[in-house]
Amino acid sequence: MVLLHEEHLRRFVHVWRMALANSVSLPATADPAYASLEALGRHVLSAAGGYMIWMCEALALPDPGIRSAPDASAIGRDADNYMEHVLEQWRAPLRELPNEKLETPEYPSRWQTRYCIDSMLEHAVMHPRACPRRTFTARSRSGAGLWPLTAVVTTQNPEYFAKRT
């Protein structure tokens, strides 16, 4: 799961950077995580660190040492360094954990949904894929009209949104 998380987070950052380069803006929303591409990038990267911090807290493991994500105003510049930091900190904490501790018990997440560690790992793996999919429509800043955010990547990275069987 740790390797899948790394793969999907790297793909998200790649897609997100292409969206930035293509001047994509997100539709208006009350959700601050989708207020801008910068906010979306910070949300996904911050969550990636937060999931491991939560798992370590739930299991009473040592603090994994994941620092806070850069502000939305700095995330474009600092995303790659922060991503590498998060991914490095993801590699060790759960390595020696027995399978039994992955499956039971369940712990309340910060948003109060109950997860076992294995379920939170699955959630963390899918989060970088789910956020771009939740962004149903985007408008180019150049005024080219409405189009799916996925159009930013489908010609250069079509497998990102392909169904996996």
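View 1. Glutamate 6 is buried, at 16% relative accessible area, whereas arginine 10 is partly exposed, at 31% (buried means under 20%, exposed over 50%, partly exposed in between, with a 1.4 Å probe and protein chains only).

**View 2. Arginine 10 also forms a salt bridge with glutamate 84.** The closest N and O atoms of this pair are 2.6 Å apart. Because glutamate 84 lies in helix α3 (residues 72–90) and arginine 10 in helix α1, the pair ties together parts that are 74 residues apart in sequence. Glutamate 84 is partly exposed, with a relative accessible area of 35%. Glu6, Arg10, Glu84, Glu88 and Arg91 are linked in a network of salt bridges.

**View 3. Aspartate 80 forms a salt bridge with arginine 17.** Their closest N and O atoms lie 3.3 Å apart, and the pair links aspartate 80 in helix α3 to arginine 17 in helix α1, 63 residues apart. Aspartate 80 is partly exposed at 35% relative accessibility, and arginine 17 is partly exposed at 27%.

**Notes to all views.** Residues are numbered from 1 along each chain as its sequence is written, and side-chain values use heavy atoms, leaving out hydrogens and water. In this predicted model, local features need pLDDT of at least 70 and side-chain atom pairs count only at pLDDT 80 or more, while totals for chains, interfaces and linings use all residues.

Terms used. Salt bridge = Lys/Arg side-chain N within 4 Å of Asp/Glu carboxyl O. Helix = DSSP H or I, 4+ residues; strand = E, 2+ residues; numbered from the N terminus.
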